[in-house]
Amino acid sequence: PASRVASFDTDVWSIFTPLAAETKAINLGQGFMNFGPPAFVQEAAKHAIDQVESNQYSHPRGRIRLRNALAASYSPEFGRELNPETEIIVTAGANEAIFATFAGFLDEGSEVICMEPFFDQYIPNITMNGGKPVYVPLRAPADSSERTVSSHEWRLDIDELRSKITSKTKIIIINTPHNPIGKVFDEEELMAIGKVAEEHDLIILTDEVYDRLYYPPLKKFPRIASLANFWERTITVGSGGKSFAATGWRVGWLIGPEHLVKYSFAAQTRVVFCVNSPCQEAIAAGLEASLVKPIFQEQTDEYLKKRGILSAVFDKLKLPYTVPEGAYFILVNTAKISYPKDYKFPELLDSRGEDFKMCYWLTKEIGVCSIPPSEFYVKEHWPLAKDFARFAFCKTDDVLNEAVKRLEKLE
Ligand code: GLN
């Protein structure tokens with residue numbers, strides 16, 4: 001194998017998703033929905049399949065209907081008129097948007113600042129493109145193992161961030177709402193990060209795939225691209241899959257000034273050339289509807305209820321957790337749960353963080369699958385994650401209620 005992939009271990013998703021299926025556990029692991037996209041979005045996809053033209057290659061920048069819908073939907077969010085011809089690129093999921101951006105900007109040895117914990121895909125996306133991830137921690141409050149905290153209490157030390165910058169640093173990657181913490185960075189935090197980027201002339205890559213899911217009391221989702229002059233140095237990544245319960249469609253996008261997105265685009269044209277056409281039409285239909293109906297608000301109300309269903313059981317079990325301000329994950333402190341000392345774990349887990357064991361045991365014996373968050377830390381920091389498990393609540397209420405029932409057995 002090429003050295004760029006030789007050291008890759010099996011990813012966490014490929015361990016826990018099959019394990020949940022085999023053991024018939026309720027899968028609150030990988031963040032996908034067990035419900036479909038809104039019916040009219042599904043109908044739009046079916047309709048698109050019936051049209052000759054929308055089964056063929058799309059424009060490599062994305063189908064114009066979707067780019068227009070994105071411009072209409074996001075211009076007010078960014079506080080500027082987005083140009084669908086030059087400032088919006090449709091990508092094969094947000095993941096490919098991120099990959100293409102690294103491919104478009106990193107040279108051998110270029111450094112990317114990543115906040116830890118990080119969404120796992122960033123790291124191979126950086127290294128496969130010759131880059132080097134450099135880590136700066138998001139820290140939980142010191143007493144977070146004793147009490148439930150807000151995701152907002154996880155903090156970035158801005159001087160620490162600044163101290164990580166070298167002459168090789170090219171990009172700072174932000175993830176807001178953050179996976180797995182659920183933190184939504186506020187304007188003050190984003191201003192501070194943006195200023196550091198400005199001081200050192202860095203590009204900001206902001207992964208905002210959960211941008212349509214943030215909870216009260218937050219009234220507005222702060223975007224770094226709309227603050228100060230940061231637009232000029234920012235590429236914002238979004239996701240049709242997250243916003244319309246269609247994670248398998250692989251329709252994402254990136255938005256930013258032409259002088260930046262043209263390089264992500266240059267790379268993406270040589271990787272996927274273009275993105276699957278019918279699903280782009282359907283996501284466009286969804287965004288068009290969101291301009292006239294409060295569908296994202298209604299969706300948020302649903303998710304808020306789901307957050308309530310799941311978090312109630314952790315309250316009941318007196319397990320401290322992080323209340324997410326956005327996205328659909330709850331990071332739970334599992335230190336109070338114990339599994340039998342002589343429990344036999346598969347060898348596969350020997351080389352993993354301690355939290356893999358807890359998540360394995362919970363899946364197999366309690367029947368609820370979660371994700372061990374050490375996957376979101378570098379190996380030296382795995383101990384930081386040893387007492388945590390990440391539970392996803394992007395599931396129908398009946399499934400969440402069944403998970404709650406099973407978890408109650410831990411009492
Ligand atoms: N974003 C999803 C999650 O965190 C996983 C995506 C993937 O499987 N790579 O659950």
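Residues are numbered from 1 along each chain as its sequence is written. Because the model is predicted, local features are reported where pLDDT is at least 70 and side-chain atom pairs count only at pLDDT 80 or more, whereas totals for chains, interfaces and linings use all residues. Helices (H or I, at least four residues) and strands (E, at least two) are DSSP runs, numbered from the N terminus.

The protein chain is divided into domain 1, which comprises 3-30 + 296-410, and domain 2, which comprises 39-292, these bounds coming from an automatic or database domain assignment. The C-alpha centres of domain 1 and domain 2 lie 25 Å apart, and 31 residues of domain 1 are in contact with 32 residues of domain 2, two residues being in contact if their C-beta atoms, placed from the backbone, lie within 7 Å. On the side of domain 1 that touches domain 2, at least two residues are supplied by each of α12 (295-316), β11 (321-323) and β12 (329-333), and α12 gives the most, with six residues. The residues of this side of domain 1 divide into 18 nonpolar, six polar and seven charged, where Ala, Val, Leu, Ile, Met, Phe, Trp, Tyr, Cys and Pro count as nonpolar, Asp, Glu, Lys and Arg as charged, and the others, Gly among them, as polar. In UniProt, an unreviewed entry lists residues 24-407 as "domain: Aminotransferase class I/classII large"; positions are given in the numbering used here, feature names are shortened, and annotations may be inferred rather than shown by experiment. The end C-alpha atoms of residues 24-407 lie 15 Å apart, and the span is 37% helix and 16% strand.

Helix α12 has 22 residues and reaches 32 Å from its first C-alpha to its last, close to the 32 Å expected at 1.5 Å a residue, the expected span being 1.5 Å times one less than the number of residues. Within α12, Tyr 303, Arg 307, Leu 310, Ser 311, Val 313 and Phe 314 are buried; a residue is buried if 20 or more other C-beta atoms lie within 10 Å of its own, exposed if 12 or fewer, and partly exposed in between, with C-beta atoms placed from the backbone. The elements that cover the buried residues of α12 include β11, β12, β14 (388-392) and α14 (397-407). Just after α12, Lys 318 takes a positive phi of about 60 degrees. Leu 319, in the loop between α12 and β11, is buried, because 21 other C-beta atoms lie within 10 Å. Leu 319 and Asn 333 are 14 residues apart in sequence, yet 6.0 Å apart in space, C-alpha to C-alpha. When neighbours within four places in sequence are left aside, Leu 319 is in contact with Phe 314, Val 332, Asn 333, Thr 334 and Lys 336.

Helix α11 (residues 277-292) has 16 residues and reaches 24 Å from its first C-alpha to its last, close to the 22 Å expected at 1.5 Å a residue. Of the 16 residues of α11, 12 are buried, so the helix is largely enclosed by the rest of the structure. Among these buried residues are Cys 279, Gln 280, Glu 281, Ile 283 and Leu 287, and the buried residues of α11 pack against α3 (39-49), α4 (64-78), β2 (88-91), α9 and α12.

The residues around the ligand are Trp 13, Gln 30, Gly 31, Gln 121 and Asn 179, a residue being near a molecule if its C-beta atom, placed from the backbone, lies within 6 Å of it. This shell divides into one nonpolar, four polar and no charged residues.

Two cis peptide bonds occur in loops. The bond from Glu 116 to Pro 117 is cis, with omega near 5 degrees, and Pro 117 is placed in the loop between β3 (111-116) and α6 (122-127). The bond from Thr 176 to Pro 177 is likewise cis, with omega near -15 degrees, and Pro 177 lies in the loop between β7 (169-175) and α8 (187-199).

Positive phi values were also computed for two loop residues. Lys 24 has a positive phi of about 55 degrees although it is not a glycine; Lys 24 is found in the loop between α2 (12-22) and β1 (26-27) and is exposed, with 9 other C-beta atoms within 10 Å. Arg 250, also not a glycine, has a positive phi of about 60 degrees; Arg 250 is placed in the loop between α9 (240-243) and β10 (252-255) and counts as partly exposed, with 19 C-beta neighbours inside 10 Å.
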